[in-house]
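Keep the sequence and the model in view while reading.

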Amino acid sequence: MAFRIPGIRRATSFSASKGTNVPKGYLAVYVGDKMKRFVIPVSYLNQPSFQELLCQAEEEFGYDHPTGGLTIPCSEDEFQNLTSELSGQ
């Protein structure tokens, strides 16, 4: 018999270590000066406009992201505009 203690979760992924879950098929990214967290569909990764942001992230941060998640080097407004365009496709 197993006991469950509220507030304690098994850390099996980086999202669990932050205390939040990311649904299957989504990815958490951090954007802007305040590193605001957004959860986006992984399908965005195939879009050319999003791939440009990924290239910028690679140039600026390499593969060492300070938050432990994927950091996107653009303003929150720019990111929200891009994601709203992608969700409309």
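Two strands pair if DSSP finds at least two bridges between them. Helices (H or I, at least four residues) and strands (E, at least two) are DSSP runs, numbered from the N terminus.

The model is predicted: local features need pLDDT of at least 70, side-chain atom pairs count only at pLDDT 80 or more, and totals for chains, interfaces and linings use all residues. Residues are numbered from 1 along each chain as its sequence is written, and side-chain values use heavy atoms, with hydrogens and water left out.

## Overall layout

The chain holds three helices and three strands. Read from the N terminus, the order of elements is α-β-β-α-β-α. The chain has 89 residues, and 27% of them are buried. Here buried means under 20% relative accessible area, exposed over 50%, and partly exposed in between (1.4 Å probe, protein chains only). Contact means heavy atoms within 4.5 Å. Of the contacts in the chain with a separation of 6 or more, 44% join residues 24 or more positions apart.

Strands of a sheet pair through backbone hydrogen bonds, either parallel or antiparallel. Strand S1 (residues 26-31) and strand S2 (residues 36-41) run antiparallel, joined by six bridges. Tyr26 faces Pro41 in S2, and Ala28 stands opposite Val39 in S2. Four residues lie between the strands of this S1 and S2 hairpin, where Gly32 takes a positive phi near 85°.

S1 also pairs with strand S3 (residues 70-72), in the parallel sense and over three bridges. Thr71 in S3 is the bridge partner of Tyr30.

What is the order of the three strands in the open sheet? The order is S2-S1-S3, with mixed pairing. S2 and S3 are the edge strands, each pairing on one side only. From one strand to the next, the twist averages 40°.

## Helices on the sheet

Helix H2 (residues 48-61) packs on the sheet and touches S2 and S3; its direction makes about 105° with that of S3. Helix H3 (residues 76-87) lies across S1, S2 and S3, and runs at about 15° to S2. Axes are lines fitted to C-alpha atoms, for helices over the stretch in contact, and angles run from 0 to 180 degrees between N-to-C directions.

## Aromatic rings

Rings of Phe, Tyr and Trp (its six-membered ring) pair if their centres lie within 6.5 Å; planes under 30 degrees apart count as stacked, over 60 as edge-to-face and the rest as tilted. The whole structure has three aromatic pairs. The table gives two of them.

| Pair | Centre to centre | Between the planes | Type |
|---|---|---|---|
| Tyr44 and Phe50 | 6.4 Å | 50° | tilted |
| Phe50 and Phe79 | 6.2 Å | 65° | edge-to-face |

Phe50 lies in helix H2 and Phe79 in helix H3, so their pair ties together parts that are 29 residues apart in sequence. Phe50 is buried at 0% relative accessible area. Phe79 is buried at 0% relative accessibility, and Tyr44 counts as buried at 10%. Ring pairs link Phe38, Tyr44, Phe50 and Phe79 into a cluster.

## Cysteines

A search of the whole structure finds zero disulfides, a disulfide being a pair of cysteine sulfur atoms within 2.5 Å. Cys55 is partly exposed, at 42% relative accessible area. Cys74 is buried, at 10% relative accessibility.
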